[in-house]
Amino acid sequence: MSTETFPDLNSLALDLRAKFAAPNAKKFILLYAYNGTGKTRLSAAFKDIGKQTGVADTLYFNAFTEDLFTWHNDLESDNERYLVLHPASNFLLGLEGFDMDTKVYEYVKRYADFQFDFGEAPLTDENGRFLRNQKVVRFYRSVQTSTGSKRVDNIKISRGEENLFIWCFYLAVLQMVLDGDKSYERVKYIYIDDPISSLDENHAIAVATQLTHMLVHAEKKVGTVISTHHVLFFNVLCNGLGKKKAERFLLKNDDLSEGLTRSETSEKPFLHHLAALAELDEAQKAGAIKRHHFNIMRCIMEQTAIFCGLEKWQDCLPAAKDDLDRAVHERMINVMSHADYLISEPEELPGSNVKDFQNIFKKFIDSHSFKLASAPATTP
């Protein structure tokens, strides 16, 4: 398994672009990475390289895509609720004249029972003066009553349903790109970062299968990067795209520098949790625990909870729910797992945090029947 080291996310993004330009290049790159590695920032670096040349050449989906849609909640009259589409986004440009209601609903109906209409709503200033019309989405749902079916308008869908709608909106635009629509001739690359983070776990297989079907059967072949921390989603993508069409990599923080390491995976889809446990075992024995090890620990617990049918990853922490250590350890994993937003914080941890991790790891191993092997060696 060959491994390369990159000093920063930008250099890795440049290398990913170069891979697509190489002779006989594969059209798909799959990246598996733990939460906190920098997947979202890598997707942003990838698309920014294109923008720096004056061309927004990447159709991307990441955490920022969701920010292109914002709620108008009508707090005064509590009646006119709708989702506003950002007016200046390249992602949303070129949609005028297309039947987006139908295009998006073809995907939404596979996962949810709400419906929607695209339309316009007036945008006013703080004094109520009209500024312009803005593109909006209004949601409704049909409910059964004693007298039959009734349409309930101006509903606010749940956060999960909102994320699902945005993902389906992206799929509709993606299909236009893959069909060679002139509105998206500028798109040379597709970058999809962790859509499963925004969706229900139960949709992992369905979303991955649908996505691979779209990409494999596309009229226009576009260089595509898909990154995820979700093992099942990654494995379905591997099976769907196949090793002849896709390169597969494991992306990690480099323990010896501030950069990242990218390792080729084996020929078959993998389950990294056992190799990751072996890596964590060696690190905790040596007392060499760093911040990103907490991210890996949480990812392993999430996958273990899914496999064991537990409600949430916290259920992998043994002891009674009123146990003080359990509450502290849960809080610590949560905080450390989201510390990638605090990019100024040091990677090195105080001794107390190392001891806490060693305690968490021991309790987890003692309460689950994992057989630890030595961490696999890598070749440069």
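The mean pLDDT of the protein is 82, and 85% of its residues reach 70 or more. Two stretches call for care. Residues 339-345 have a pLDDT below 50, with three contacts in the model beyond near neighbours in sequence. Residues 375-380 are also below 50, and that stretch has 10 such contacts. Where pLDDT is low, the predicted coordinates should not be read in detail.

## The seven-stranded sheet

Start with the open sheet, where seven strands follow the order E1-E12-E11-E2-E10-E9-E3 with mixed pairing. Strand E1 (3-6) and strand E3 (58-61) stand at the edges; each has a single partner strand, so one side of each is left without a neighbour in the sheet. On average, neighbouring strands are turned by 20 degrees against each other, direction ignored.

Within this sheet, strand E11 (residues 246-253) and strand E12 (residues 260-264) run antiparallel and are joined by five bridges. To find your place in this pair, look for Phe249, which stands opposite Glu264 in E12.

## An antiparallel pair, E4 and E5

Strand E4 (residues 69-72) pairs with strand E5 (residues 82-85) in the antiparallel sense, over four bridges. In this pair, His72 stands opposite Tyr82 in E5.

## Helices and their packing

Helix H2 (residues 39-52) lies across strand E2 (28-33), E3, strand E9 (189-193), strand E10 (223-228) and E11, and runs at about 165 degrees to E9. H2 also packs with helix H1 (residues 9-21) at an angle of about 65 degrees, the axes being 9 Å apart. This crossing of H1 and H2 is right-handed. On the H1 side the contact includes Leu9, Leu12, Leu16 and Phe20, and on the H2 side it includes Leu42, Ala45, Phe46 and Ile49. By class, the contact of H1 with H2 has 10 nonpolar, two polar and three charged residues.

Helix H3 (residues 100-108) and helix H4 (residues 159-178) have axes that come within 8 Å and cross at roughly 115 degrees. H3 passes H4 in a right-handed crossing. Among the residues in contact are Met100, Val104 and Tyr107 of H3, together with Phe165, Phe169 and Leu171 of H4. By class, the contact of H3 with H4 has 11 nonpolar, one polar and one charged residues.

## Two loop residues worth a look

Asn62 is found in the loop between E3 and E4. Is Asn62 buried or exposed? At 1% relative accessibility, Asn62 counts as buried. Not counting residues up to four places away in sequence, Asn62 touches Thr40, Ser43, Ala44 and Asp193. Asn62 and Ala44 are 18 residues apart along the chain, and their C-alpha atoms are separated by 8.3 Å.

Further along, Gln314 has its place in the loop between helix H8 (291-308) and helix H9 (324-337). Gln314 is buried too, with a relative accessible area of 12%. Leaving aside neighbours within four places in sequence, Gln314 is in contact with Arg326, Glu330 and Asn334.

Methods: Residues are numbered from 1 along each chain as its sequence is written. This is a predicted model: local features need pLDDT of at least 70, side-chain atom pairs count only at pLDDT 80 or more; totals for chains, interfaces and linings use all residues. Side-chain values use heavy atoms; hydrogens and water are left out. Buried means under 20% relative accessible area, exposed over 50%, partly exposed in between (1.4 Å probe, protein chains only). Contact means heavy atoms within 4.5 Å. Two strands pair if DSSP finds at least two bridges between them. Axes are lines fitted to C-alpha atoms, for helices over the stretch in contact, and angles run from 0 to 180 degrees between N-to-C directions. A crossing is left-handed if the near helix is turned anticlockwise from the far one by less than a right angle, and right-handed if clockwise. Ala, Val, Leu, Ile, Met, Phe, Trp, Tyr, Cys and Pro count as nonpolar, Asp, Glu, Lys and Arg as charged, and the others, Gly among them, as polar. pLDDT is the predictor's confidence in each residue, from 0 to 100.
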